[in-house]
Amino acid sequence: MMIQVLASHSSDCAPPIVFVGKNRAGNWVALEQQGAFGGLFINRAEALKYALFKNGHHPESIIEATREIELDIPS
């Protein structure tokens, strides 16, 4: 049996990077690197669950923020 591994280094194929952390009010935030999606959550587990769902279940593309992050909602 022959197994062929296909690797793509194209940024178009890479899963989105999602930051997870707390905002200045202490709420949990998940935010895509380019601001394409994000949300506020009641706890870390829910923020991580959302981040995994939105990035196609790629935990390696989720970064836990060490600084406060803010969800910017356009008006």
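Which residues point one way from strand 2, and which the other way? In this predicted model, Trp28, Ala30 and Glu32 point one way from strand 2 while Val29 and Leu31 point the other way, and all are buried, where buried means under 20% relative accessible area, exposed means over 50%, and partly exposed lies in between, with a 1.4 Å probe and protein chains only. The legends below follow that strand and its surroundings. The model is predicted, so local features need pLDDT of at least 70 and side-chain atom pairs count only at pLDDT 80 or more, whereas totals for chains, interfaces and linings use all residues. Residues are numbered from 1 along each chain as its sequence is written, and side-chain values use heavy atoms, with hydrogens and water left out.

**View 1. The open sheet of 4 strands, with the order 3-2-1-4 and mixed pairing.** Strands are DSSP runs of E with at least two residues, helices are runs of H or I with at least four residues, and both are numbered from the N terminus; two strands pair if DSSP finds at least two bridges between them. The edge strands, each pairing on one side only, are strand 3 (38-41) and strand 4 (62-64). Neighbouring strands of this sheet are turned by 20° against each other on average, direction ignored, the axes being lines fitted to C-alpha atoms, for helices over the stretch in contact, with angles that run from 0 to 180 degrees between N-to-C directions.

**View 2. Strand 2 and its pairing with strand 1 and strand 3.** Strand 1 (residues 18-22) pairs with strand 2 (residues 28-32) in the antiparallel sense over 5 bridges.

**View 3. The turns of the two hairpins.** Strand 1 and strand 2 form a hairpin with 5 residues between them, and Gly26 in the turn has a positive phi of about 90°. Strand 2 and strand 3 likewise form a hairpin with 5 residues between them, in whose turn Gly35 has a positive phi of about 85°.

**View 4. Asn23 in the loop between strand 1 and strand 2.** With a relative accessibility of 9%, Asn23 counts as buried. The side chain of Asn23 reaches the backbone nitrogen of Ala25 at 3.1 Å and the backbone nitrogen of Asn27 at 2.8 Å; a polar contact is a pair of N or O atoms within 3.5 Å, in which, within protein, one must be able to donate a hydrogen and the other to accept it, and residues adjacent in sequence count only if both atoms are side-chain atoms. Leaving aside neighbours within four places in sequence, Asn23 is in contact with Val29, Leu40, Glu68, Ile69 and Glu70, contact meaning heavy atoms within 4.5 Å.

**View 5. The salt bridge between Glu70 and Arg24.** A salt bridge is a side-chain nitrogen of Lys or Arg within 4 Å of a carboxyl oxygen of Asp or Glu, and by this rule the count comes to 2. In the pair formed by Glu70 and Arg24, the closest N and O atoms are 3.9 Å apart. Glu70 lies in the segment after strand 4 and Arg24 in the loop between strand 1 and strand 2, so the pair ties together parts that are 46 residues apart in sequence. Glu70 is partly exposed at a relative accessible area of 32%, whereas Arg24 counts as exposed at 66% relative accessibility.

**View 6. The salt bridge between Arg44 and Glu64, and the pairing of strand 4.** The side chains of Arg44 and Glu64 meet at 3.0 Å, N to O. This pair links distant parts of the chain, with Arg44 in helix 1 (residues 44-54) and Glu64 in strand 4, 20 residues apart. Arg44 counts as partly exposed at 38% relative accessibility, and Glu64 is partly exposed with a relative accessible area of 38%. Strand 4 pairs with strand 1 in the parallel sense over 3 bridges, and Glu64 is the bridge partner of Val20.
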